[in-house]
Amino acid sequence: YIGTDQLSCSLDFPAASMKVSVIIPSYQAARFVARAVESVLVQPEVGEVLLVEDGSTDGTLAACQSLTRDGRVRLLRHPGGCNHGAASSRNLGLAHAIQPFIAFLDADDEYLAGRFRVAAEHLADSTVDGVYETVQLRYETAADRDRYIQSRGSQELLTIRPGIEPLELFEQLLVGGAGFCSLDGLTLRRKFANSLGGFLVPLRLHQDTHLLLKAAYGGRLVAGQLDEPVAAAWIHPHNRITSAT
């Protein structure tokens, strides 16, 4: 466990010098994970990718191993190669991250060009603990889109409405109507992220909502790029959220 900050977060820094650890939990994602990792590695702010393989049986481990040819990719697994779930996997990534900033990506999603451009500008201010930005929903097939809309309503963007002050964000998220920030669009200072205690392991779903609420309550989160997406979340029949009963 790496618990000592190697870089100070107390001073402002040039946006171009921002370095991020991106955590990607990977379970049954053999056909997606290369796309996800490649979309991360092209971002100039990325210092490392923590690829957490979670006991898959579909070839995900081999796919992850092949991606470590890039020295910025580190492969992590739970003891014995067992499946522990997304929360434990993200927590394992947090425990091993070394860059001063943290971001997340699901193994079946992808970052878009300029993912951290606006976030870096905001995080140059040492009083900002995190930045939330917009994520676009994409559908593998028309049937996936119809199924999602039928169960959750028509939705093209995952975003928080603009104009919410940091001190009001927790209450606005709690009472509803403010929108939602996907983990794919959240960037946090590593020191602050660790202070939140990680993801709540017993939750199979909505671990991201729980962490976002903790972050909004305990820190200063500001809006980044809301008018255009910084990442794409792909909807398909095997998403945990769409296949849940």
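I started at G130, which sits opposite L188 in strand 9. This is a predicted model, so I keep that in mind for everything below.

Next I checked which way the side chains of strand 9 (residues 186–189) go. L186 and L188 point one way, T187 and R189 point the other way, and all of them are buried. I noted that R189 is among the buried ones.

**Strand 1**

How many residues of strand 1 are buried? I went through strand 1 (residues 20–26) and got seven of seven, so I wrote it down as mostly covered, taking buried as under 20% relative accessible area. V20, V22, I24 and S26 face one way. S21, I23 and P25 face the other way. For its pairing, I found seven bridges to strand 2 (residues 46–53), with the two strands running parallel. I24 stands opposite L51 of strand 2.

I traced an open sheet of four strands, in the order 5-11-7-8, and its pairing is mixed. The edges are strand 5 (110–111) and strand 8 (157–158), each of which pairs on one side only. Inside this sheet I looked at strand 7 (residues 135–139) and strand 11 (residues 231–235), which run parallel and share five bridges. L137 is across from A233 of strand 11.

Is E140 buried, partly exposed or exposed? I read a relative accessible area of 30%, so E140 is partly exposed. I then listed its contacts beyond four places in sequence: R31, F32, W234, I235 and H236. The one I checked for distance was H236: 96 residues away from E140 in sequence, yet the C-alpha atoms are 5.9 Å apart.

**Helix packing**

First pair on my list: helix 1 (residues 33–41) and helix 2 (residues 60–67). Their axes come within 10 Å and cross at roughly 25°. That is why I call helix 1 and helix 2 roughly parallel. The crossing of these two is right-handed. Helix 1 puts V33, A34 and V37 into the contact, and helix 2 puts in A63, C64 and L67. I sorted the residues of this contact by class and got six nonpolar, no polar and no charged.

Helix 6 passes helix 8 in a left-handed crossing. From helix 6 the contact takes L169, F170, L173 and L174; from helix 8 it takes L212, L213, A216 and Y217. Sorted by class, this contact has eight nonpolar residues, with no polar and no charged ones.

Definitions and conventions: Residues are numbered from 1 along each chain as its sequence is written. This is a predicted model: local features need pLDDT of at least 70, side-chain atom pairs count only at pLDDT 80 or more; totals for chains, interfaces and linings use all residues. Side-chain values use heavy atoms; hydrogens and water are left out. Two strands pair if DSSP finds at least two bridges between them. Axes are lines fitted to C-alpha atoms, for helices over the stretch in contact, and angles run from 0 to 180 degrees between N-to-C directions. Angles under 35 degrees count as roughly parallel, over 145 as roughly antiparallel, 65 to 115 as roughly perpendicular and the rest as oblique. A crossing is left-handed if the near helix is turned anticlockwise from the far one by less than a right angle, and right-handed if clockwise. Contact means heavy atoms within 4.5 Å. Ala, Val, Leu, Ile, Met, Phe, Trp, Tyr, Cys and Pro count as nonpolar, Asp, Glu, Lys and Arg as charged, and the others, Gly among them, as polar. Buried means under 20% relative accessible area, exposed over 50%, partly exposed in between (1.4 Å probe, protein chains only).
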